[in-house]
Amino acid sequence: MPVMRALTKAAKQALLTPECGCRTAAFAVRTISFSPRQVTSDASFHSVSFSETDHPKVLITGGLGQLGVGLAKMLRKRFGNDNVILSDIRKPPSHVFHSGPFIYSDILDYKNLREIVVNNRITWLVHYSALLSAVGEANVQLAREVNITGLHNILDIASEHGLRLFVPSTIGAFGPTSPRDPTPDLCVQRPRTIYGVSKVHAELMGEYYHHRYGLDFRCLRYPGIISADSQPGGGTTDYAVAIFHDASKNGKFECNLKPGTRLPMMYIDDCLRATLEVMEAPTEQLSMRTYNINAMSFSPEELAAEVKKQMPDFQITYNIDHVRQAIADSWPMNFDDDNARNDWGWKHDYDLPELVTTMLNLIGSDSRLAHAN
């Protein structure tokens with residue numbers, strides 16, 4: 001019997017604020033219907049190894065965020081420019097539009113998304129579209145539609161067409177009752193934001209589709225992601241980006257978390273490389289479908305001390321935001337990522353000293369250039 005999905009017909013505007021940047025997007029929600037998926041019986045299709053002449057054809061949803069743009073650049077170098085399609089519902093800036101294929105895609109429009117997968121012979125799907133923590137709390141209904149209904153569309157299409165599917169998760173998928181130092185891959189997860197709840201839902205649904213239908217689902221729980229190309233967007237881990245901008249501009253920084261608040265963090269280059277590596281990992285190497293990944297764990301006072309090694313006059317003060325502090329206090333202090341390291345060879349390149357040197361060099365050079373101009 002065909003399955004009917006009736007969604008409210010409306011155009012909604014939402015601000016997407018990833019841990020490493022921000023982006024604004026409008027979601028058009030439509031009434032759609034589709035028939036039940038036809039799952040391929042060829043299990044080997046999901047674990048295919050791609051040769052140099054048979055690269056995957058990749059679609060990235062929510063692609064105009066920094067993770068999407070950065071991943072597209074990396075994948076295009078590896079698989080060829082035309083084999084990686086960025087998609088979003090916003091008009092891309094010129095440099096992104098001219099860097100490779102871009103297509104309009106609304107994850108709440110099942111028919112449009114299915115046509116894109118079929119017409120472009122997509123084999124990998126990277127699903128970055130999501131309403132993140134702060135915005136999700138301000139609009140829970142929209143967060144449910146984007147993060148849960150949109151995910152269901154992605155799961156059904158990926159399952160029907162035998163795609164390899166990547167959906168990121170987050171430190172926000174854990175809650176105050178989870179073990180915090182370290183937080184293992186498998187433990188109690190009771191997050192208290194709609195974003196965190198939707199990510200636990202994504203993890204479980206992806207694993208269910210894998211076991212029930214053979215979907216090649218892969219998921220990494222990202223720590224806080226730090227990047228020189230993004231401006232702070234108001235997230236809980238954004239202090240670790242803002243500190244470099246303020247240090248380069250005026251030599252001081254006011255932090256909204258307590259000095260000793262320890263959280264897991266990662267430089268964006270490590271994050272993108274981990275995503276590619278888990279997507280390329282042979283199926284037989286994966287003992288699970290959702291992995292923690294980590295690079296370092298530090299507190300504001302430890303980060304400030306490392307900045308002062310290169311900027312001796314740098315000063316940090318503290319003005320605690322109790323809402324963000326409560327969120328941070330419910331999140332992992334450190335990720336146990338032994339399974340990722342043992343199963344598919346995950347290894348980070350950037351520790352805290354390398355992170356600080358890289359960020360200050362990149363942001364400092366941008367500030368000096370802007371001042372000169």
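User: Before we look at the helices, what does contact mean here?

Analyst: Contact means heavy atoms within 4.5 Å. Keep in mind that this is a predicted model. With that cut-off, Q66, L67, G70, L71, M74, L75, R78 and F79 of helix 1 meet I268, C271, L272, R273, T275, L276 and E280 of helix 8.

User: How do the residues of that contact divide into nonpolar, polar and charged?

Analyst: There are nine nonpolar residues, three polar and three charged in the contact of helix 1 with helix 8.

User: Which two values describe how packed helices sit together?

Analyst: Two packed helices are described by the angle between their axes and the distance between the axes. Here the axes of helix 1 (residues 66-79) and helix 8 (residues 268-280) come within 10 Å and cross at roughly 55 degrees.

User: What makes helix 1 oblique to helix 8?

Analyst: Let's set the angle against the cut-offs. Under 35 degrees would count as roughly parallel, and 65 to 115 as roughly perpendicular. The crossing is at roughly 55 degrees, so helix 1 is oblique to helix 8. The crossing of these two helices is also right-handed.

User: Why is helix 8 called mostly covered?

Analyst: Buried means under 20% relative accessible area, and ten of the 13 residues of helix 8 are buried. Among them are I268, C271, L272, R273, T275 and L276, which are also in the contact with helix 1.

User: What covers the buried residues of helix 6?

Analyst: The cover includes helix 4 (133-138), helix 5 (140-160), strand 10 (169-170), strand 11 (216-222) and strand 15 (290-292). The buried residues of helix 6 include I194, Y195, V200 and Y209. Just after this helix, G214 takes a positive phi of about 80 degrees.

User: Why is R121 called exposed?

Analyst: Exposed means over 50% relative accessible area. R121 has 69%, so R121 is exposed. You will find R121 in the loop between helix 3 (110-119) and strand 8 (124-127).

User: What is the phi of R121?

Analyst: R121 has a positive phi of about 50 degrees, although it is not a glycine. Most residues other than glycine have a negative phi.

How values were computed
Residues numbered from 1 in each chain as written. Predicted model: local features only at pLDDT ≥ 70, side-chain atom pairs only at ≥ 80, totals over all residues. Heavy atoms only, no water. Buried < 20%, exposed > 50% of the residue type's maximum accessible area, 1.4 Å probe, protein only. Helix = DSSP H or I, 4+ residues; strand = E, 2+ residues; numbered from the N terminus. Axes fitted to C-alpha atoms, helices over the stretch in contact; angles between N-to-C directions. Parallel < 35°, antiparallel > 145°, perpendicular 65-115°, else oblique. Left-handed = near helix turned anticlockwise from the far one by under 90°. Nonpolar A, V, L, I, M, F, W, Y, C, P; charged D, E, K, R; others polar.
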